[in-house]
Amino acid sequence: MVDPRLSIIQERIRDVNRVVAVSSGKGGVGKSLLASTLALLLARGKWSIGLFDLDFTSPSTHLILGIRGILPTEDKGIVPPLVHGLKYMSVIYYSQDKMVPLRGTDFSNALIELLSVTKWGKLDFLIVDMPPGIGDATLDLIRFVKKAEFLIVTTSSPLAFETVKKLMTMLKELGVPILGVVENMKTGRSNIQQEALKLGVRFLGEIPYDPRVENSLGNAYELLKTVFASRVGDIVKHLT
Amino acid sequence: MHEWALAESVIKTVLKIAEEKDIEKVTEVKIRIGEMQQLEQEVFKTALLQLRPIKLNETEFIIEIDKTKLRCKNCNYEWFFDREVFGEEVLEAIHFLPEVAHAYVKCPKCGSRDFEIAEGRGVWIDSVKGLRKNG
């Protein structure tokens, strides 16, 4: 038997110019915040933007952006709603924000389903908020979305960077483009920049720990006023 | 409708298979649909007929529905998906994305949500029959 959905995925993202996967080897480094803020800033910069929360088991971009009570529409497929100027897609539309424990095959099936029925239309950037690690989500995104480029997030901690190194090594082995590394929640001195350069990966910038971010959760306008957002704004310049 | 997006993928895949197998005239396509996804058969069939290119003008689309069997990974219990126990909103969510069933379904024996959709998920092309170019 043949799964017909695989034939249509490339067609669905044909008019998406760039796919940026915000990724890390570790959880808790600020991927979702960075992906959300990046998407907001790009949308404000008059780019046509989509944000796809690929963290099916622990989605959080809707909490960061204060997205609730909206659903996609149907037009011979699923059309993501426009929120804060960006097309937003997440499993929460269907899970009602309940827990969705998924093993690998189920994750892959859910991803294939959403990739094959979601009509993104014309986009300059599709920002993908990735779950941590080099498991199913990362492998499947590489498998199905050949134009994906990875933006890597780490903290200053060697614990985070060691996992990031593994992720970057894998991406390099597979010939997947790495846009660069962002050092988030920086509090003191570190050597992430030198380490990234040693690996031949571009260092996109550092973001200091900003306690105001926590108070902005759920409010996109407040988020954009934070130091965090202003530093993400500097990173945006590297992408456009 | 969501059915149109899936029908589009079927047409594209059938054309690809026909090209790979050197089939000039596709006479029959058998499609299996998992009960869990609750596709509206009439809408799906209408979409297939309207989306098909001239090359598939004489193709008969046969649709068969498979019951959805779930298997608990925790205790190995197997059971069939029963739509009658869910409200419209949940059924619609599962229709769009069957994997979200993990949010609404538990193993009737042990209560775990760690189950797999063992049979009857989504849309599959079972067979493509036709006449080859060389006869």
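I'm counting two residues as in contact if their C-beta atoms, placed from the backbone, lie within 7 Å.

**Setting up.** I'm working on a predicted model, where local features need pLDDT of at least 70 and side-chain atom pairs count only at pLDDT 80 or more, while totals for chains, interfaces and linings use all residues. Residues are numbered from 1 along each chain as its sequence is written, and chains are lettered from A and ligands numbered from 1 in the order in which they are written.

**A against B.** I looked up the contact first: 29 residues come from chain A and 28 residues from chain B. On the chain A side, helix H4 (92-95) and helix H5 (104-117) each supply at least two residues; helices here are DSSP runs (H or I, at least four residues) and strands are E runs of at least two, numbered from the N terminus. H5(A) gives the most, with eight residues. By class, I get 14 nonpolar, seven polar and eight charged on that side of chain A. For the classes, Ala, Val, Leu, Ile, Met, Phe, Trp, Tyr, Cys and Pro count as nonpolar, Asp, Glu, Lys and Arg as charged, and the others, Gly among them, as polar.

**The sheet in A.** I traced an open sheet of eight strands with mixed pairing, in the order E5-E6-E2-E7-E1-E8-E9-E10 of chain A; two strands pair if DSSP finds at least two bridges between them. Its edge strands are E5 (82-83) and E10 (203-208), each pairing on one side only. E2 (residues 49-53) and E7 (residues 123-129) of chain A run parallel over five bridges, and A:Asp53 has A:Asp129 in E7(A) as its bridge partner.

**Helices on the sheet.** I see H2(A) packed on the sheet, its direction at about 165° to that of E7(A). H11(A) lies across E1, E9 and E10 of chain A and runs at about 175° to E10(A). Axes are lines fitted to C-alpha atoms, for helices over the stretch in contact, and angles run from 0 to 180 degrees between N-to-C directions.

**H2 against H11.** The axes of H2 (residues 31-44) and H11 (residues 227-239) of chain A come within 9 Å and cross at roughly 70°. H2(A) and H11(A) are therefore roughly perpendicular (65 to 115 degrees). Among the residues making the contact I noted A:Leu34 and A:Leu38 of H2(A) and A:Phe228 and A:Val232 of H11(A). The contact residues of H2(A) and H11(A) split into nine nonpolar, two polar and no charged.

Note on methods:
Angles under 35 degrees count as roughly parallel, over 145 as roughly antiparallel, 65 to 115 as roughly perpendicular and the rest as oblique.
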